[in-house]
Amino acid sequence: MSRPGTAEQPLRVAIVGAGPAGYYAAEALLKQDDVVVEVDMFDRLPTPYGLVRAGVAPDHQKIKNVTAAFDKVAAHPRFRFFGGVELGRHLAVEDLRAHYHQILYSTGAQTDRRMGIPGEDLQGSHPATEFVAWYNGHPDYRDCRFDLSQERVAVVGVGNVAVDVVRILCRTPEELEKTDIAEHALEALRRSRVREVYLLGRRGPAQAAFTNPEIKELGELADADVIVRPEEVELDEVSRAALEKSGDRATMKKVEILQSFARRPPAGRRRKLYLRFLVSPVELTGDDRGRVAGIRLVRNTLYATESGAIQAKPTNEFEELPVGLVFRSVGYRGVALPGVPFNESWGVILNERGRVLDPATRTPVVGEYAAGWIKRGPTGVIGTNKPDAAETVACMLEDVRKGAILSPAHPDRAAAERLVRERQPRYVSYEDWLKLDELETARGRRLGRPRVKFCCVEEMLEALGRPRE
Amino acid sequence: MNIASLLSTKGVDVITVTPDAPIREAVRLLDTHNIGALVVMGGAERPAGIVSERDIVRALARDESVLDRPVSTVMTKEVIVGAPQDDLVTVSNTMTEHRIRHLPVMDRGRLVGIVSIGDVLKAQRDHYRGEVDTLQLQILGPTA
């Protein structure tokens with residue numbers, strides 16, 4: 001048999017997960033000329049784009065413009081999308097091995113890390129990602145309930161998810177109405193009684209992960225005052241020395257912005273957003289009905305490790321913050337896929353530069369690859385996935401040249417489609433998705449919003465004229 | 001970006017050698033695994049040292065019979081150790097400043113990996129490329 005990768009016998013690649021890493025990998029595979037590749041992309045949701053749709057905040061529409069680049073990839077004649085098809089439910093890895101020469105996993109980091117403190121599971125304590133998925137209309141999270149009748153909320157963490165959550169909590173209904181926030185979330189947030197929101201950072205202002213534009217945006221909210229304690233954004237000796245050595249101007253600017261917030265008198269806006277630093281939660285306290293009533297914090301000081309990194313260590317000073325709702329955003333982790341080797345230490349697929357490794361021999365598993373957060377862990381911005389995917393694709397093409405690929409029994413488009421049709425007759429194609437996209441934006445136009453999302457799989461299929469199950 | 005994201009795609013466990021192993025053994029390990037340095041582990045949790053190809057070449061240049069001597073005679077004993085959550089900007093500054101090419105990584109008293117200055121710079125480069133790409137897309141839209 002001749003080597004696949006020609007017009008007569010294209011290299012067949014399955015991509016599992018339709019987020020940025022999956023699209024960037026598809027793009028890299030389809031735009032090179034050495035090997036003719038056919039890409040079939042699968043997602044367990046009927047809708048593509050991964051966290052660009054379900055993670056990026058609704059009031060950050062500009063960031064979502066990246067989907068235009070993804071649609072360009074999807075328009076390639078050798079690209080197909082099978083939405084609503086889940087690995088482990090409709091298809092097994094074995095099925096993919098029988099139909100493709102190479103399989104790429106780009107499933108992201110789907111769970112959050114726990115804080116590991118007492119009271120974490122009290123009612124009213126949630127992973128921030130659930131709130132994010134809920135307000136973004138992810139079908140799996142539309143039935144989540146968050147008690148927005150509470151007046152005080154704590155958000156643990158200072159990464160971009162934490163910042164998104166506090167910003168959405170502080171926005172007015174008028175501000176939210178201009179976004180594509182899910183209808184159910186808009187309704188709930190309209191009735192929100194939240195008055196005080198606390199963003200809690202473990203380390204100091206110079207170590208906070210949020211970016212300068214993100215923090216500036218918090219100072220420009222229509223009806224929320226940002227409140228910062230001057231003593232918490234004063235640069236400590238350790239951070240000052242590190243900053244002087246690195247000459248990192250963006251971080252210096254970040255500290256300046258926060259210090260300017262500390263000097264700003266409150267303008268009497270309806271909500272107060274407290275940005276707190278150098279505190280770690282040690283316990284969530286509950287009331288007699290098992291509901292969150294408060295968060296106990298310990299004050300931290302900073303020290304430099306031998307590698308120069310600045311870390312927090314607890315002091316003996318504690319404080320209690322009465323809050324009725326807590327969102328934790330202290331990191332994310334990949335979820336193991338059925339039948340795919342996993343690296344428990346880092347919460348990623350066991351891989352070397354994107355090649356999946358056999359845990360026993362630490363040698364590559366023929367034909368299997370990873371890209372994006374499930375390969376390197378949850379770091380970077382959307383674009384970081386481009387060089388990441390390019391690295392994986394380079395390995396894939398090298399393996400094609402070496403002949404180290406799978407030998408599927410049915411390496412053709414029609415057979416793959418037949419298989420999907422048989423296992424998941426209600427799958428959604430890219431043409432279907434583009435129809436849904438048009439319907440969503442049309443619904444939005446009538447209301448002066450970017451789109452009104454379908455937040456339920458049944459609703460999507462109904463809109464496409466599919467029979468009910 | 002932190003060290004953990006870099007170790008995530010390295011796949012292999014960290015390769016170590018004992019201080020009393022002959023340098024010949026270190027040479028073999030460097031060759032087999034196609035790497036530039038080994039972490040030297042004695043009885044303690046913390047590495048006893050680090051031995052790089054450069055350390056060995058330097059010793060060989062002075063005395064060709066060095067291969068049977070123990071690794072401890074050529075290793076660098078002053079080792080700076082990093083942690084998975086250390087951010088790459090800090091680490092690259094520290095490595096440049098101290099002229100270190102390899103940084104063993106420890107997590108809660110356990111050796112979990114080693115990163116080279118090359119790994120760190122590549123990850124930083126990819127990170128900046130990604131940021132630039134995202135910004136361009138937001139400002140200019142998808143271009144042909």
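Visitor: In which sense do β7(A) and strand β8 of chain A pair, and over how many bridges?

Guide: This is a predicted model. Here β7(A) pairs with β8 (residues 196-200) of chain A in the parallel sense, over five bridges. Val155(A) stands opposite Leu199(A) of β8(A).

Visitor: How many bridges join β7(A) to strand β14 of chain A?

Guide: Four, and β7(A) and β14 (residues 325-328) run parallel. Ala154(A) has Val326(A) as its bridge partner in β14(A).

Visitor: Which residues of β7(A) lie on each side?

Guide: Arg152(A), Ala154(A) and Val156(A) lie on one side, Val153(A) and Val155(A) on the other. All are buried, and both faces are covered. Five of the five residues of β7(A) (residues 152-156) are buried, so the strand is largely enclosed by the rest of the structure.

Visitor: Now the helices. At what angle do the axes of α5 and α6 of chain A cross?

Guide: Angles from 65 to 115 degrees count as roughly perpendicular, and those under 35 as roughly parallel. The axes of α5 (residues 128-135) and α6 (residues 160-170) of chain A cross at roughly 55° and come within 10 Å. The two helices are therefore oblique to each other. The crossing is left-handed. Among the contact residues are Phe131(A) and Val132(A) of α5(A), with Val165(A) and Ile168(A) of α6(A). By class, the contact has eight nonpolar, one polar and one charged residues.

Visitor: How many residues does each chain give to the contact between chain B and chain A?

Guide: Chain B gives 34 residues and chain A gives 39. On the side of chain B, the largest share, nine residues, comes from α5(B). That side has 13 nonpolar, 14 polar and seven charged residues.

Notes. Residues are numbered from 1 along each chain as its sequence is written. Chains are lettered from A and ligands numbered from 1 in the order in which they are written. This is a predicted model: local features need pLDDT of at least 70, side-chain atom pairs count only at pLDDT 80 or more; totals for chains, interfaces and linings use all residues. Axes are lines fitted to C-alpha atoms, for helices over the stretch in contact, and angles run from 0 to 180 degrees between N-to-C directions. Angles under 35 degrees count as roughly parallel, over 145 as roughly antiparallel, 65 to 115 as roughly perpendicular and the rest as oblique. A crossing is left-handed if the near helix is turned anticlockwise from the far one by less than a right angle, and right-handed if clockwise. Two residues are in contact if their C-beta atoms, placed from the backbone, lie within 7 Å. Ala, Val, Leu, Ile, Met, Phe, Trp, Tyr, Cys and Pro count as nonpolar, Asp, Glu, Lys and Arg as charged, and the others, Gly among them, as polar. A residue is buried if 20 or more other C-beta atoms lie within 10 Å of its own, exposed if 12 or fewer, and partly exposed in between; C-beta atoms are placed from the backbone. Two strands pair if DSSP finds at least two bridges between them.
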